[in-house]
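Morning, everyone. I have one structure to walk through today. Please have the sequence and the model open while I talk.

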Amino acid sequence: MNDTYLYLIIALLPLTAGMLVTQTNPYHALILRGVLGAVAAMVDAVLGAADVALTEALMGTMLSITLYAIAVRSSLVLRLGVMENQSIEKNQDSNFQQLINDFRSIFKKHYLRLELVPYPTEETLQQALIEKEIHATCAPLEKVVETAETYQTVIRVQRIYNIIESELLSQKTTLRYFNVLDSGEQTL
């Protein structure tokens, strides 16, 4: 009997696994994980282990992909705290809208979604950053000097700060890293 097709199917396992671990896009990794589970189930079925193939198809493919999809979707959100009067729908400030659009385009390259979280006062905005409810704040500068900078963006996640610092071309905001561990009760 010619088992060449079996060797080709089995060769897909390490190939797919190699592609999976080198994937940078989490959504593509989810798809490859599903393909890996399907190939493993097919190999088990061809080799006569129907019970193992069924378990792999149900648990290794369907359930794990569903749980991974939920985890990926919920973990790729950057929460940006803003003042209530700054929401894009209400605000006619084109500088703020342009800044948020710049942030969204930067985060899209890194597979992040930007979620604006409004706060009523500057104090609650600062407290939310300290308590790690949000990842960053973007608030108007109180004293606008004769510069183009009208907002201050404070970021508590070092990697996000590095990404924005290197990719943000807008001069509409000043960037500042805020280490929550070193802050104690320090104000922003």
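I'll go from the overall layout to one helix, then the cores, then a few loop residues.

Keep in mind that this is a predicted model.

Start with the layout. The protein chain has seven helices and five strands. Read from the N terminus, the elements go α-α-α-β-α-β-α-β-β-α-β-α. So much for the order; now burial. The chain has 188 residues, and 37% of them count as buried. Next, contacts. Take those in the protein chain with a separation of 6 or more: 55% of them are between residues 24 or more positions apart.

Now helix α2, residues 26-46.

Look at the ends of α2. At the N-terminal end, Asn25 is the cap. A side-chain oxygen of Asn25 lies 2.9 Å from the backbone nitrogen of Tyr27. After the helix comes Gly48, with a positive phi near 95°.

On to the inside. Nonpolar side chains tend to be buried together in soluble globular proteins. Which residues touch the most other members of the largest nonpolar core? They are Leu80, Phe103, Phe107, Leu114, Cys138, Ile160 and Ile164, out of 23 residues in that core. Five elements each supply at least two core residues: β1 (77-83), α4 (94-109), β3 (136-140), β4 (151-155) and α6 (158-167). The largest share is from α4, with six residues.

Zoom in on Phe107. Skip its neighbours within four places in sequence. Phe107 is then in contact with Leu78, Leu112, Leu114, Ile160 and Ile164.

How do they pack? Two packed helices are described by the angle between their axes and the distance between the axes. For α4 and α6, the angle is about 115° and the axes are 11 Å apart. The crossing of α4 past α6 is right-handed. Which residues meet there? From α4 we have Phe103, Ile106, Phe107 and Lys109. From α6 we have Ile160, Ile163, Ile164 and Glu167.

One is Tyr111, in the loop between α4 and β2 (113-119). Its phi is near 60°, a positive value in a residue other than glycine. Tyr111 has a relative accessible area of 32%, so it is partly exposed.

Next is Lys132, in the loop between α5 (122-130) and β3. Lys132 is also not a glycine, and its phi is positive, near 65°. Buried, exposed or in between? Lys132 is at 48% relative accessibility. The cut-off for exposed is over 50%, so Lys132 counts as partly exposed.

Then Asn179, in the loop between β5 (173-177) and α7 (180-183). Asn179 counts as partly exposed because its relative accessibility is 27%. Where is Val157 relative to Asn179? The two are 22 residues apart in sequence, and their C-alpha atoms are 7.8 Å apart in space.

That's the tour. Over to you.

Notes. Residues are numbered from 1 along each chain as its sequence is written. This is a predicted model: local features need pLDDT of at least 70, side-chain atom pairs count only at pLDDT 80 or more; totals for chains, interfaces and linings use all residues. Side-chain values use heavy atoms; hydrogens and water are left out. Helices (H or I, at least four residues) and strands (E, at least two) are DSSP runs, numbered from the N terminus. The expected span of a helix is 1.5 Å times one less than its number of residues. A polar contact is a pair of N or O atoms within 3.5 Å; within protein, one must be able to donate a hydrogen and the other to accept it, and residues adjacent in sequence count only if both atoms are side-chain atoms. A nonpolar core is a set of buried Ala, Val, Leu, Ile, Met, Phe, Trp, Tyr and Cys residues joined through side-chain atoms within 4.5 Å. Buried means under 20% relative accessible area, exposed over 50%, partly exposed in between (1.4 Å probe, protein chains only). Contact means heavy atoms within 4.5 Å. Axes are lines fitted to C-alpha atoms, for helices over the stretch in contact, and angles run from 0 to 180 degrees between N-to-C directions. A crossing is left-handed if the near helix is turned anticlockwise from the far one by less than a right angle, and right-handed if clockwise.
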